Structures are given as C-alpha cells and as structure tokens.
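Hi,

Here is the structure I wanted to pass on to you.

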Amino acid sequence: GGGGGDEQASADGSKPTVVRIASDETIDTPCSKATLVFKDLIEEKSGGRLTVEYFNDSAMGDEREIAESVQMGNLEMGIISACMFTTYSPDWAVTELPYVFMDRQKMYQYLDGDVGAFLKKSLMDASNIEALDFADGSFKILLNAKKPIKNVKDMKGLKIRCQENKTNMSIYKAWNGTAIPMGFSEIYTALQQGTIDGVDTSPLYQRSGKFYEVGKYYTMTNHQALIMVSVINEDFLASLPEDLQQIVRDCSREAYTVQERQIVQDAEKEAIDTMNSAGCTEYVMSDAELASFVDASKPVIEEYRPTVNPELLTMLGL
Amino acid sequence: METFKKIVKSYDAIEMKFLIFVMAILVVVTFAQVFTRYVMGAALFWSEELAKYLFVWISWLGVSAGLKEKEHIQVKLLPEALHAKGHLKTEKGLLILIDLLWFITSIVVLYYGFIIVAGQMETGVYGPSTGIPMWINYLCVPVSAVIVCLRLIGGMIVNSYELVCMFRRGGR
Amino acid sequence: MLILFGGMVVLIFIGVPVGYSIGLATIATFTLFSTMPVSIVAQNCFTGLNSFVLLAIPFFILAGVIMSEGGIARRLVDIADSVIGFVTGGLGMCVVMTSTFFGAITGSGNATTSAVGSLLIPPMEEKKYGRTYSATLVAASGAIGIIIPPSIPFVIYGVATSTSIGDLFIAGILPGLLMCVSLMIANYFISKKHGYVGSDTRPQLKNILTALRKGIWALLAPVIILGGIYSGIFTPTESAVVAVVYSIIAGAFIYRELTWKKLQHALYQAVMINGITSFIIAFSASMAKYLSLERIPDQICEAILSVTDNKFVILFMLNIVLLIVGMLIDIIPAIIILAPIFLPIALSFNMSPIQFGVIMVLNLAIGFVTPPYGSTLFVASAIAKVQVDRMFKYAVILSGVLCIVLLLVTYVPWFSLALIQH
Ligand code: NA
Ligand code: NA
C-alpha cells in the first residue's frame with residue numbers, strides 16, 4: 001500500500017516525494033510524451049528525491065475534475081487545456097478567443113513573456129493553482145464532408161461539431177454556421193450519417209478520430225489555439241525545499257515549452273500527411289480569404305471585452 | 001412525538017414534490033435540446049450542462065427517497081436467517097449495526113462534501129456554459145448526507161427502543 | 001487491495017446497502033493505507049455522476065416505468081402468447097419472449113424481472129408449473145433485459161472505458177436473441193420432463209394480428225430508440241429522452257391509460273430507482289480511482305500476461321473471474337471497478353473493446369441468477385414468494401445454459417460485431 005513508490009529510496013536514503021500528475025489525454029499525444037520527458041528529467045536532476053507518477057487517459061477524471069483536484073491538493077500537478085481556467089479567472093478567456101494568436105512564434109513570445117506572466121498571476125490570485133508553463137496543443141482546423149471552405153461565407157448553414165462551451169457557440173453564431181456539441185466517440189458516425197457536416201478540431205484529433213475518412217475537405221483556418229498548461233498545487237510547491245522547487249520549474253520549462261512544442265509540430269505534419277494521402281483535400285486560403293474569417297470573428301472578442309482585464313487586451317494588441 | 005411525526009411527514013411530501021418537479025424539468029430541458037437541434041437546427045449551449053447538474057441533484061436526493069421507501073439494494077440473507085431462526089435480539093442488533101455503518105459513511109461524505117463546498121465558495125468557480133456556481137452543484141452531496149443521516153438516526157432510535165423492550169420482556 | 005475487496009464483500013453480506021459498502025470500504029482504505037485524502041471520495045460523489053451520458057439511466061428507467069403503468073407489458077405478453085403459447089412449456093416460452101420484448105424497452109434486469117414476473121408467475125402457478133422453476137426462469141430471462149438494448153450496464157461500461165454506447169447497444173442485439181433462443185430450448189426440455197403443456201389454441205393469424213395491433217406502440221418504441229441510434233440521428237441520452245416523450249404520448253393519447261396522477265407517480269418511481277442506482281456509480285468511481293492511483297490495473301495485467309499469452313486461455317480465465325465476481329457483487333460497481341483493469345488485457349490481443357464490453361456485461365448478467373448475490377433472483381423470489389435457496393437447483397441449470405451463450409460470444413466475435421457498420 002502507501003502512496004506508491006515506498007520501495008524506492010533516494011540517494012540520501014530518505015523517501016522520495018511523489019508528484020502525481022494527471023491529464024485526460026491518451027499516452028501517444030505530444031503532451032503525454034512531454035510528460036514522460038518531464039518525469040525522466042525531474043527524477044534524474046533531483047537524484048531520486050522526487051518521483052513522478054503520470055495518470056493519463058482520464059484515469060483521474062476529465063480536465064475540469066483534474067483542475068479541481070489540483071486546486072484541492074488531491075493531485076499535485078495536471079496538464080490541462082488553458083480554457084478550463086476561465087471559470088477560475090475570467091482573464092483566461094483570451095486563451096480560447098478566435099484569432100488572438102495569428103501565428104505560432106508570436107504565440108510563444110506572448111505566452112513565455114508578459115501575457116503568460118499576467119495570466120499566471122491572475123490564476124494564482126483566484127485559486128490555489130500555479131500555472132508553470134504553456135505547451136502547444138496545435139490549432140483548430142475545419143474539416144467537412146460537403147464542400148471546400150474558401151471563405152467565411154461558405155460557413156452559412158453548415159452544422160459543425162465542436163466542444164460544448166460558450167465561446168465556440170459564439171464563434172459559429174458570428175460565422176452564420178451551427179455549432180453542435182457532441183461526444184468525441186459519436187462524431188464519426190454522425191459525420192457519416194450527415195447528422196453533422198463537419199468537425200472543428202486540431203489536425204491531431206482529425207487524424208486520431210479518422211474523420212478524414214468520411215469528410216473530404218479541410219481548410220487550415222487555425223482559428224483557435226489549443227493551449228495546454230502545466231499546473232501545480234501552490235501549497236505543494238511551496239512545501240518543497242528551494243532547490244527542488246527550482247528543479248520542478250526548470251524541468252517543466254524544458255519539457256513543455258521546448259520539447260513538447262517540437263513534438264507537436266512534427267505530429268501535426270504527420271497528421272496532415274495522413275489526411276492528404278487518404279484523399280482528403282486541403283483548400284489553401286489566400287490572405288484575403290483568411291481575413292474574412294478574422295473579421296467575422298471580431299464580435300466574439302467584443303463579447304468578452306467587458307470581462308477581461310483591459311491591460312491584458314492591450315498587451316495582445318486587441 | 002406527534003408533532004415530530006408531522007414534521008417528518010410534511011418533509012416527505014416536500015421531498016417527493018421537489019423530486020417529481022426536478023425530474024420533469026430534466027425531461028423538458030433534455031428534450032428541448034433534441035428538439036432545437038433537429039427541428040429548429042440550432043442547439044442550446046446551456047442545456048447539457050444544466051441537465052448534468054440536475055441529474056446529480058436528483059441522484060443524491062433520490063438516495064434519501066430510496067431510504068424512505070426501503071428500496072436500497074441490500075443483501076438481506078443474514079438478517080432474514082436470524083429472524084427465521086428466532087434470534088430476534090441479534091437481528092435487531094444487526095439492523096442497528098447496518099444503519100450505524102451506513103451513518104458513518106454518510107457523516108464522512110457530509111464532512112468532506114462541506115469542505116469542498118466551502119472551498120468552492122471561496123474560489124468562485126462556476127459552470128462554463130450555465131454560469132451556475134460550482135458550490136451549488138456540489139451542495140447536493142452534503143445536503144443529501146444530512147437528510148440520510150437524520151433518517152438513519154430515526155431508524156436507529158426506533159430499533160434500539162424495540163431492542164430495549166425485548167430485553168425487558170426477557171426470553172429470546 | 002485484498003482488505004478493500006474483502007471488507008466490501010463482508011459489508012455487503014451483513015446487509016449494508018451495496019453502494020455504501022463500497023463507499024465505506026473505500027473510505028477505510030484511503031484513511032488507513034493511502035496518502036490520498038479522503039476528500040477524493042466526496043469529490044467523486046459529484047464528478048462521478050457529472051456526465052451527460054449517464055443521464056440515459058433515469059430516462060431509460062422512466063420510459064420503462066411509464067410503459068409498464070400504461071399497460072404495455074400486458075400487451076407484450078398477449079403477443080408472445082398468441083405466437084408461441086401453444087408449444088410445450090408455452091407459458092415458460094412466453095416468459096422468455098416477453099422478457100426479450102420488454103428488455104428492448106427497459107435498460108434494467110430487475111425491471112424486466114418484476115414486470116414479467118408479476119404478470120406471468122400467477123398464471124404459471126394455475127397451469128401447475130413448479131413455483132421455484134417459474135421464479136428461476138423469470139429471473140434468468142431478466143438477464144436478457146440488459147443485453148438487448150437499451151442497457152444501463154452498457155451505458156456504464158461505455159462511460160468507464162470511453163467506448164461508443166451506440167455501438168455497444170447494437171452489439172447486444174444478437175447475443176440477446178441468442179440468450180432468448182437458448183432459454184427457450186432449455187425451457188422446452190424442462191417442461192417436457194415435468195409435463196408442462198402449452199395452451200390448447202393453435203396460433204391463428206387473426207389472434208396474432210389482433211395482439212400485434214394492440215401492442216404495436218410498445219413494439220415501435222425499441223424501433224425508434226435503436227433506429228435513432230443506429231442511423232446516428234440520436235446519441236444514446238437523446239434517444240432515452242425521446243423514448244420518455246414517446247411513452248408519455250403513447251400512454252396518454254393512444255392507450256389513454258396514463259393519467260396526470262400516474263405520470264407523477266412514474267416520475268417519482270424513476271427518481272427513486274435512479275436514487276438507489278446512480279450513487280453507486282459515484283462511490284465505485286472513487287474506488288476505481290484508488291486502484292488506478294495504486295497502479296493495480298497495470299500490475300494485474302502484467303501478472304496475467306506473465307502466466308500465459310494464449311488468447312483462449314486468458315479469455316477463459318477472465319470469464320471465470322467475472323463469473324465469480326458476478327456471484328458476489330452487483331453489476332454496476334463490478335463494471336466501473338473491473339472494466340479499467342481487464343480491458344487493457346483484452347486490448348493486448350487486439351480484441352474489440354465493444355466485444356469485450358458484451359462479454360463483460362453478459363458474464364455479470366449471468367451473475368443475476370447465481371447465488372449467493374443474484375439481483376434478479378432476489379426480485380423473482382419476492383414476487384413468487386419462494387425462498388431464494390430453493391431456487392438454486394434451477395439457477396445452476398439455467399445459468400449453465402447462459403454460460404454456453406457466453407462461450408459463443410467470447411470465442412465468436414461475429415455475434416457482437418456483425419451489425420456494427422464500421
Ligand atoms: Na434492455
Ligand atoms: Na450472482
């Protein structure tokens with residue numbers, strides 16, 4: 001029994017401290033792979049004083065439950081979608097607004113710089129959770145079974161499956177489409193039967209769900225960033241000796257902002273290749289066509305303006 | 001004693017009406033979601049979350065209703081065997097023990113459920129689609145535990161009283 | 001782990017409600033043997049139930065209650081009787097067939113057993129069927145109720161393992177019909193031996209048509225539910241609420257037996273049955289979390305695969321373990337706690353998670369009829385007023401028959417997967 005790992009002993013003979021870290025992702029996703037890197041790094045650098053146990057695939061519940069568990073101290077750490085923290089601190093809504101981060105490198109600069117620092121502080125003020133680092137969960141693209149989407153006007157009347165939340169509903173309202181929330185396991189059949197016309201998710205999930213088999217067209221709209229955050233219980237981190245605290249921070253930075261971001265870009269290329277070779281065709285938008293999506297999404301940002309700190313919006317140039 | 005019975009009775013009536021009402025709302029909300037999606041072509045974004053929260057509430061308050069109606073899934077082989085063999089005192093004692101173990105579980109759930117509710121009032125977390133504060137959703141856990149505990153105390157008092165009477169009368 | 005399970009079984013058998021036995025055993029384990037805080041149990045009281053998919057449970061219960069109150073079960077009996085009532089063991093055949101029909105409306109074994117039992121046990125007694133045999137046959141047929149879709153255990157398996165519930169429902173159709181046929185065959189031979197004869201009237205097209213006309217609305221319900229799921233129009237939860245609305249319309253406007261008062265009563269019954277069922281999911285979820293935190297699933301998977309990697313042997317072993325579990329505990333906790341442990345083993349030799357779900361639920365459904373803890377056995381014994389221990393002889397025979405179905409489903413994937421489209 002015990003909290004696990006009692007049998008192992010660290011270099012100085014005392015019991016290692018266990019860091020339990022959870023996510024809802026399967027073991028083959030970029031964040032899961034980075035977490036295994038995190039585990040190796042931290043166990044090596046701490047000389048066995050820290051051990052990491054990773055619970056993936058929703059073994060500890062969905063993302064909301066994991067966030068709650070980290071908040072209460074039932075888990076030490078979690079790897080969670082950034083948008084989950086909007087209900088703790090409204091400022092975090094910016095992480096899921098459409099076309100806030102126009103490209104990857106710019107997003108990294110924001111998140112590793114002042115915007116990231118602002119968000120971390122805002123979450124810490126509102127909860128017992130410290131956000132350590134921002135990983136890259138790729139960007140959402142549109143896949144559908146009806147027609148190539150060339151312009152936001154093509155969205156009119158299309159029924160697109162997305163995850164159930166207010167922002168997604170607002171986006172599809174702004175685009176004149178219909179958002180249909182539905183569990184991941186039901187999508188394939190729904191797309192096949194025409195219950196939905198398309199799916200709104202990252203290339204990685206378009207691939208793992210095999211949606212390219214039933215939907216023939218995709219457009220790299222990249223309308224929302226899927227940002228992932230490594231989070232830790234504040235009290236737990238504070239309870240560690242200072243050198244271990246630094247090791248946790250360093251290893252998280254290395255795993256989630258360096259290694260993970262490389263893994264996700266490779267995975268994305270692979271997913272796109274799979275989709276293309278299966279006969280799913282990409283429509284490449286011109287700058288003007290992309291701009292039609294960006295402009296049409298402006299009302300969504302306005303909708304959230306009253307609830308987000310103006311300072312943060314200024315930083316993001318909104 | 002009579003006023004006490006009256007209070008219990010009127011509470012039972014309120015509980016029953018409340019549960020019927022919430023279950024009906026649950027059907028209406030979920031069906032509205034289906035209807036808006038397939039007939040009107042637009043989905044409600046809050047119905048799914050609201051339905052989930054109502055479901056958790058009726059599930060925990062339903063525990064109390066199940067206790068009132070004595071419908072909980074229990075293996076009654078042992079108490080029935082004792083009854084059949086005429087060990088009536090042992091049977092009563094066992095029934096009190098069962099209620100006591102049940103009571104202990106509920107008290108633990110009550111205590112930690114209350115701590116969670118308090119923590120969530122402090123952070124002010126809310127449901128992403130409905131905006132309902134999470135502490136209201138968690139509140140069903142301690143509330144149900146309080147009611148279940150009260151019902152169990154009532155049952156234990158009645159059984160203990162009968163057990164004492166049996167001892168006074170003597171014999172098996 | 002042993003203390004956890006041992007403690008749980010002891011609590012169940014002294015008579016603590018099954019759900020609270022699991023809750024108390026988990027709380028004790030967290031307190032005594034784990035660094036995990038007990039508050040995780042209270043947290044799961046909410047999060048374990050906070051799922052849209054689980055909403056299908058009260059809806060399927062409600063649809064079943066409304067249909068029973070609306071006189072639908074009786075019409076199903078009439079259909080079965082007009083078709084097959086004349087053969088040897090005719091009333092027994094009616095039990096099996098009505099359970100199959102009724103199972104296509106309800107998701108619960110106990111509901112099937114009590115609906116069919118209260119309608120058919122009295123006439124069986126008139127026809128001089130042995131009371132213990134009647135009760136045991138009703139209990140065994142009740143197991144069909146959770147294999148023929150809809151099925152609450154399939155919903156729970158789907159949630160516990162992230163498997164498509166729509167696919168699981170479809171996968172249950174053929175195994176459910178297989179159970180129906182095999183129980184009818186067993187009933188034939190037992191009735192022949194005891195001289196239980198059928199009704200005197202041969203089946204006449206006119207009678208069948210009359211019965212069908214009266215019962216058509218009941219038979220259409222599963223067509224809507226399954227058709228909706230099969231074609232991808234409805235998710236399982238949506239189909240459940242559509243079934244509720246359909247049964248209200250059929251009961252109130254077509255059969256005109258459902259009054260406002262009856263509807264209120266049905267709503268209360270559904271909440272109450274959901275109340276004694278669903279919280280068990282919450283407590284079981286916290287026990288599953290404990291096992292997961294302690295890496296028990298990995299350890300068991302490794303241990304089993306180190307003994308043998310022969311697919312047939314492992315599947316046989318899993319069946320034996322699940323049958324024993326089914327003898328001792330209730331199906332809901334068994335699925336939530338054991339599915340995450342056993343599914344990785346099945347996946348390791350490329351078995352479909354759908355087929356494994358059918359195998360697991362079928363195993364535990366056989367547990368409905370196996371002593372000492374057999375839930376439909378208890379229900380049937382209460383209706384027929386026979387002692388449970390007197391039912392053991394026929395319970396062994398009929399669960400043996402169901403085990404043959406289990407072996408077929410285990411080793412012939414076709415039965416589970418034939419109707420699934422992709
Ligand atoms: Na069923
Ligand atoms: Na059993």
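Starting with the interface: chain B and chain C bury about 4900 Å² between them, and 80% of that is on carbon and sulfur atoms. Buried area here is the accessible area (1.4 Å probe) that two parts lose on being put together, summed over both. B:Phe55, B:Ile73 and B:Val75 supply 15% of what chain B buries against chain C, more than any other three residues.

A quick caveat: this is a predicted model, where local features need pLDDT of at least 70 and side-chain atom pairs pLDDT 80 or more, while totals for chains, interfaces and linings use all residues. Residues are numbered from 1 along each chain as its sequence is written, chains are lettered from A and ligands numbered from 1 in the order written, and side-chain values use heavy atoms, leaving out hydrogens and water.

Back to the contact (heavy atoms within 4.5 Å): 54 residues come from chain B and 51 from chain C. How many salt bridges does the rule find across it? The count is 0, taking a salt bridge as a side-chain nitrogen of Lys or Arg within 4 Å of a carboxyl oxygen of Asp or Glu.

By class, the chain B side has 37 nonpolar, 11 polar and 6 charged residues. Nonpolar covers Ala, Val, Leu, Ile, Met, Phe, Trp, Tyr, Cys and Pro; charged covers Asp, Glu, Lys and Arg; the others, Gly among them, are polar. α2(B) gives the most to that side, with 14 residues; helices are DSSP runs (H or I, at least four residues), strands likewise (E, at least two), numbered from the N terminus.

Cheers
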